[in-house]
Amino acid sequence: ECGHISLSDSIVRLGDPVTASCVIGQNCNHLDPESEILWKLESELQPGGRQQRLPDGTRVSTITLPHLNHTQARLSCCILWGNSLQILDQVELQAGYPPPTPYNLSCLMNLTTNSFICQWEPGPDPHLPTNFTLKSFKSRGKCQTQEEPIQECVPEARQSHCSIQRKHLLLYQSLVVWVQAENALGTSLSPQMCFHPIDLVKLEPPTLGTLDPSPEGAPAQPDCLCFHWESWKPSLYMEQKCELRYQPQLGEASWALVTPLPSRTLHHKLCGLLPATAYTLQMRCTRWPLPGHWSDWSPSLELKTTER
Amino acid sequence: ECGHISLSDSIVRLGDPVTASCVIGQNCNHLDPESEILWKLESELQPGGRQQRLPDGTRVSTITLPHLNHTQARLSCCILWGNSLQILDQVELQAGYPPPTPYNLSCLMNLTTNSFICQWEPGPDPHLPTNFTLKSFKSRGKCQTQEEPIQECVPEARQSHCSIQRKHLLLYQSLVVWVQAENALGTSLSPQMCFHPIDLVKLEPPTLGTLDPSPEGAPAQPDCLCFHWESWKPSLYMEQKCELRYQPQLGEASWALVTPLPSRTLHHKLCGLLPATAYTLQMRCTRWPLPGHWSDWSPSLELKTTER
Amino acid sequence: TPLGPASSLPPSFLLQCLEQVRKIRADGAVLQERLCATHKLCHPEELVLLGHSLGIAQAPLSSCSSQTLEVVDCLSQLHGGLFLYQGLLQALAGISPEVTPTLDLLQLDVKDFAINIRQQMEDLGVAPTGQPTQGPMLTFTSAFQRQAGGVLVASNLQSFLEQAYRVLRYLAQP
C-alpha cells in the first residue's frame, strides 16, 4: 500500500472529532522516502499531521480533525513530488445527526386504490442518508398482542408516505403501525398506532344534482330550493351520514349547516331561504355509525331561489 | 366425458371448412340417452350434425361447417333438456389469412436516444393474432456473409416500429435487417436490408440565431440580412453540410435555396434581397461526405431587411 | 513492400475513423467533466504517483509518428491501444451511478472503432492473427482508486486519440 487512509469513523456527529492515519509501505520505491505526508480536507491543507517511521520502514501519519463541521468532505493523504502535490488516497467523511423521531403519523383507507396510505412528519434533516420504513403487524382488540408481521412498506426516496396494499391487510382486524427511521448514527421509532384499517376510511365526496323544474308544474316556493344527492358509489355498501352546508353566494353570511342527512335522496327541499338569491351548496359524508373520516366537501352546486 | 368437442382445426383460412365432433360418454346418466346432440355457431343452430352411437354406448355427433366466414365464433355442443337447450361444451373458432409480407422497411439512427429505429408497413389485417419481429445479424462489406445474430427486437403490441439499442450495434459495420410476421396460418419475411447503422443517421435541425446589430455601427445594407447558425450539438463530431431556404413572408414567392453551407458559422451575410421586406429563413443539415439523412427543416428565423 | 501513406486505405474508411476519433474524444471529455463534477477529481497531474502504483499503462503509437510512419504497424498499434483502453474502461465499471452511462457509451464507441480498424486490416490481408495482448487487469481497493483511475485513463485516452487524429488526418490528405 502506497498511501492508504484508515479512519476512526467515516460518519460522525456534526462537530465531533475524526482521527485518520495514512500508511506508506516500505516498498513504495517510486515515492521519495524523505518527503512528508500532507493532509487536505477538500482543497485546504490541514496542519497537525504527526508522522512516524516504523522499524520495518513503513511511514504512518496520523491527524485528528477536532470538529468536523462539513456534512460531507473529502480527506486526502498527499505527498510532494517535485513541486506537485500528489494525492495518494482519499476518503469521504460525513457528519450529521441520528434520525429524529418521526411524528404526526396518520393513515387513511383509500377505497379507490384499495390501499392503506400512511403519512408522517420526518422531523429535521439529519444530514445523513436516512431510511424510513413503515412497519406493522396484525393484532387483536386493543393491540396488546402481536400476531403476524406485515411486509414492510418502504417509501420512495425522500417521500414521507407509504401505502400498504389491500392483500396484506385484514380491514376489520386490529393493526399496529409505526415508522422506523434509521441512519449510520442510530435508529428512532415513532409512537405506535392501533386501529382497524376500515375505521380510517375516507370517502370521496357525494354528488349533488339539480332536479328538473317541478314536474307537476306547481309553482316553486320562493324561499325553497330542491335538489338531490348520492354519496360516492363505491361506498354505497357502507352505512353513512352526510351533512349539507350552504350560504348565499354574495355577502358575508357564513355557512349554514344541516346535519345529519341520509347518504342519498332523490328529492330534498331546503326552505327558510331568501327569495331571489343565489346559493352555494356543498355536502360531505362519512361512514356512520361505524367510525370513518369525513370526506372532503363536494364541489359546489349553485342554485337560485325564485322571485316572491 | 359428457360432451367434449374436438376440432379438425381451431384456426382456418377465412371461408374454409371446419369439422367438429362432440362425444357423450355412455356413463353420462344425467343425460337423456335418446336426445339428439345439437350444434350452435354463436347463437344460431347449425343443421347437418351426423350422429352415431358406438358399440360401447358412446354417442358421437360430427358436423362440417362448409365455410367459416366469422373471424371469431363460438361453436357449442348442446342437448335438449326438458325444453331448455343445454350447452355441454364450447370452443372458439378463428378464421383469417396468413400474414402478408411486411414492406417499406426503413430505419434511422437516432443520436438522441442512441438507438436504431426501424419501421415498416404491416400490410392488410390478417384477422388473426400476428407477431412481428425485427431480426438482424452483423455482417461484412456488402452483407454476403452472416456473422453474430443480434437479439430480436419485439415491437410493442400493434406497433409497426422497433428500436435496437446501441449496445447491440456496431455502428460502422454492415448490418442485415428484416421483419418477420407470423401467425397460426404461416410466416412471411420482408426483403432484407444491408447498411451501416451510422449511415442512416438523421440529425436534429440546426439552430439559427440573429446577430447583435452591427457592432461597428456600420449601417446595415438594405438588401442583406445577417445571422448565424450551428448544427445540432451532439452531431458536431460529424462532418456535415447544411442548406438554407428563405422566402419573403408575404406574397407567393417560392423558397430560394442556398447550398451547400458549412455546419456552422458565427456570421453569415445573405444579400440580393428586397429592402424593407420580412423574410422567413430555415436550414437543415446532413452528415457529409459520409452518408446520412437530411434533418428536418429548422424552426423559422424571421428577419427584416432595412429601408433603402 | 510497406503500404505507402494512405495508398490503399479507402477514403471512406479514413473519414469514418476521423469521425470516430472525434466522437470518442467528445465522450472522453464528458467523462472527465462528470468525474470532476461528481468526485472533485479534476486534475490528472495530481494523480501521477497513484497512477504508477495502480499500474495504469499508456498505449504506444511510436509507428504512427510522421517521421517513422509504418501504416500497417501504425494501424496495428492503434488497434492494440484501443483494445487496451477497452480493458481499462471495463475495469472502471461501477465507478459511480452518475458516471456509468458516459462510461458505457465510451466503451461502445472505442470497441466500434477497434473493430472498424481490425476489419479494415483483415480486408487488406494485414491483420495479425489473434487479438492483441490485454495487459494486466486493473484492480482497485477503494472507490477513490477507481474514480482516480477513471481520471487517469480518460486523460491518457485523450492524448492517445490526439496522436491518432494527427496521423489519420495525414493519411487522409489527398
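**View 1. Which chains touch, and which pair shares the most contacts?** Two pairs of chains are in contact, and chains B and C share the most contacts, contact here meaning heavy atoms within 4.5 Å. Chains A and B don't meet: no contact joins them, and their closest C-alpha atoms lie 26 Å apart. Keep in mind that this is a predicted model, where local features need pLDDT of at least 70 and side-chain atom pairs count only at pLDDT 80 or more, while totals for chains, interfaces and linings use all residues. Residues are numbered from 1 along each chain as its sequence is written, chains are lettered from A and ligands numbered from 1 in the order in which they are written, and side-chain values use heavy atoms, with hydrogens and water left out.

**View 2. Chain B against chain C.** Here 18 residues from chain B meet 17 residues from chain C. Together they bury about 1,700 Å², with 50% of it on carbon and sulfur atoms; buried area is the accessible area (1.4 Å probe) that two parts lose on being put together, summed over both. The rule finds five salt bridges across this interface, each a side-chain nitrogen of Lys or Arg within 4 Å of a carboxyl oxygen of Asp or Glu. Zoom in on Asp112(C) and Arg166(B), which form a salt bridge with their closest N and O atoms 3.2 Å apart.

**View 3. Chain A against chain C.** This contact involves 15 residues of chain A and 15 residues of chain C. The two bury about 1,200 Å² between them, 56% of it on carbon and sulfur atoms. Look for Arg74(A), Gln86(A) and Ile87(A): they supply 37% of the area that chain A buries against chain C, more than any other three residues. Helices (H or I, at least four residues) and strands (E, at least two) are DSSP runs, numbered from the N terminus.

**View 4. The largest pocket.** About 480 Å³ of space lies in it, a volume being the space filled by probe spheres set on grid points joined across faces, edges and corners. On a 1 Å grid over the protein atoms alone, a pocket is an open set with protein on both sides within 12 Å along at least five of seven lines, a cavity is a set of points where a 1.4 Å probe fits but cannot get out, and lining residues have an atom within 4 Å of a point. Of the 19 lining residues, Pro234(B), Lys23(C), Ala26(C), Asp27(C) and Val30(C) lie nearest the pocket's centre. Helix H1 (11-39) and helix H4 (100-123) of chain C each give two or more residues to the lining, and H1(C) has the largest share, six residues.

View 5. The largest cavity holds about 60 Å³ of space, and its lining includes Tyr172(B), Tyr237(B), Lys23(C) and Asp112(C). That Asp112(C) is the salt-bridge partner of Arg166(B), and Lys23(C) also lies among the residues nearest the centre of the largest pocket. The second largest cavity, about 30 Å³, is lined by Glu239(B), Trp288(B), Pro289(B), Leu290(B), Leu15(C), Glu19(C) and Arg22(C).
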